Amino acid sequence: MTDPDFITGLPKAELHLHIEGSLEPELMFALAQRNQVAIPFASVEDVRAAYNFSRLQDFLDLYYAGADVLRTAQDFHDLAAAYFDRAAADGVVHAEIMFDPQTHTARGIAFETVITGLLSAIAEAEAKHGMTVLLIMSFLRHLDEADAFATLEAAEPWLERIAAVGLDSSELGHPPEKFARVFAAARAKGLKLVAHAGEEGPPDYVLQALDLIGVDRLDHGNRSLEDPLLVTRLARMCMTLTVCPLSNLKLCVVGDMAEHPIDQMLRAGLRATINSDDPAYFGGYVGDNYRAVAAARGLDRGDLVALARNSFLGSFLPDAAVAEHLARLDAYAEAAA
Ligand SMILES: Nc1ncnc2[nH]cnc12
Ligand SMILES: [Zn+2]
């Protein structure tokens, strides 16, 4: 078995995926036509050619513009169903996907429209692929605290179906402390907490995510490596980092995949995982991310299995389900040896 095949077959969880970031240009065009929405691109090639970013904000501007074609529950269903098909083909047996309600409610799309479309796709994927899926509702950090509280309130009828809340969008200038109270309210409702921190923001934002929010998992976390004491702390507390290599490359968090710190993270004892973030915008799904770092950093099969193991350990699945996934992963690794 070649290593690319080993990676595809490796049972894995994806823990950092923005469903709006899985909108492929082909579907963007189809939905624009279906909903009679004008988009500023002449062709699918035109869209892909525009995906050249030098920082997070460059990407976010296009990501929010692209999301404008999503109007009906069927659109959200089709978007998510396409992602689940690709994820299943990549060996993903469990996915924890983020959605950004404010991207849609700000355009007059009801929260209910978004979540009913996603939930129907989840039910279909669970039946079709035998995968499990959890939903993470992410707050947009460039908006204010009151907007996040209003979103938490809008989610009230669906809280049984939402596993966690997250924090995404423009990191610099919008530190975690801005949302400490809304995260405390979410915790009180029984939700898990995740936040993007240390993608573009400094190590202090990671400290805030730990100390002022109390995250259960850290999205990205790359810049933690600038603070050795923070690395030790993250390793000691077994904090999961959802690392996104192709995203890091496209958003210039790393200059070259050959400089990606994924192996440095593993050697430092960090519970690092591999994820795709916004695969339609960054040039690859989760398998592509594993393959890219494996090739650029010379990861061996032991490293790849460790990354997959971390993805289950870092999930919000019950302990018994994690144990079952780990047993299957061990059996896979042994059979491939
Ligand atoms: N990588 C990322 N960072 C912050 N916000 C995002 N929203 C979607 N992808 C994101
Ligand atoms: Zn992200």
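1. A residue is near a molecule if its C-beta atom, placed from the backbone, lies within 6 Å of it. By that rule, ligand 1 of this predicted model is surrounded by His-18, Gly-21, Leu-56, Tyr-63, Asp-168, Ser-169, His-196, Glu-199, Ser-247, Asp-277 and Asp-278. The shell divides into two nonpolar, five polar and four charged residues.

2. Confidence. The mean pLDDT of the chain is 97. Of its residues, 99% reach 70 or more. The model scores ipTM 0.98 and pTM 0.98. Where pLDDT is low, predicted coordinates should not be read in detail.

3. The sheet. Eight strands form an open sheet. The order is E1-E2-E3-E4-E5-E6-E7-E8, and the pairing is parallel. Strand E1 (12–18) and strand E8 (271–274) stand at the edges. Each has a single partner strand, so one side of each is left without a neighbour in the sheet. From one strand to the next, the twist averages 25°.

4. E1 pairs with strand E2 (residues 92–99) in the parallel sense, over five bridges. Lys-12 has Val-92 in E2 as its bridge partner.

5. E4 and E5. Strand E4 (residues 164–168) and strand E5 (residues 192–197) pair in the parallel sense over two bridges. Val-165 stands opposite Leu-193 in E5.

6. Helix H16. This helix (residues 301–313) packs on the sheet. H16 touches E1, strand E7 (240–243) and E8. The direction of H16 makes about 100° with that of E8. Ala-306 is found in H16. It has 16 C-beta neighbours inside 10 Å, so it counts as partly exposed. The C-alpha atoms of Ala-306 and Leu-329 are separated by 9.9 Å, and the two residues are 23 apart along the chain.

7. Backbone check. Most residues other than glycine have a negative phi. Which values deserve a look here? His-220 has a phi near 75°, a positive value in a residue other than glycine. His-220 lies in strand E6 (residues 217–220). It counts as buried because 27 C-beta neighbours lie inside 10 Å, against a cut-off of 20 or more.

8. Cys-252 sits in the loop between helix H12 (245–250) and helix H13 (262–267). With 13 C-beta neighbours inside 10 Å, Cys-252 counts as partly exposed.

9. Helix H9. Arg-187 is found in this helix (residues 180–188). How many C-beta neighbours does Arg-187 have inside 10 Å? The count is 15, so Arg-187 is partly exposed. Arg-187 and Arg-107 are 80 residues apart in sequence. In space they are 28 Å apart, C-alpha to C-alpha.

Notes: Residues are numbered from 1 along each chain as its sequence is written. Chains are lettered from A and ligands numbered from 1 in the order in which they are written. This is a predicted model: local features need pLDDT of at least 70, side-chain atom pairs count only at pLDDT 80 or more; totals for chains, interfaces and linings use all residues. Helices (H or I, at least four residues) and strands (E, at least two) are DSSP runs, numbered from the N terminus. A residue is buried if 20 or more other C-beta atoms lie within 10 Å of its own, exposed if 12 or fewer, and partly exposed in between; C-beta atoms are placed from the backbone. pLDDT is the predictor's confidence in each residue, from 0 to 100. Ala, Val, Leu, Ile, Met, Phe, Trp, Tyr, Cys and Pro count as nonpolar, Asp, Glu, Lys and Arg as charged, and the others, Gly among them, as polar. Two strands pair if DSSP finds at least two bridges between them. Axes are lines fitted to C-alpha atoms, for helices over the stretch in contact, and angles run from 0 to 180 degrees between N-to-C directions. Two residues are in contact if their C-beta atoms, placed from the backbone, lie within 7 Å.
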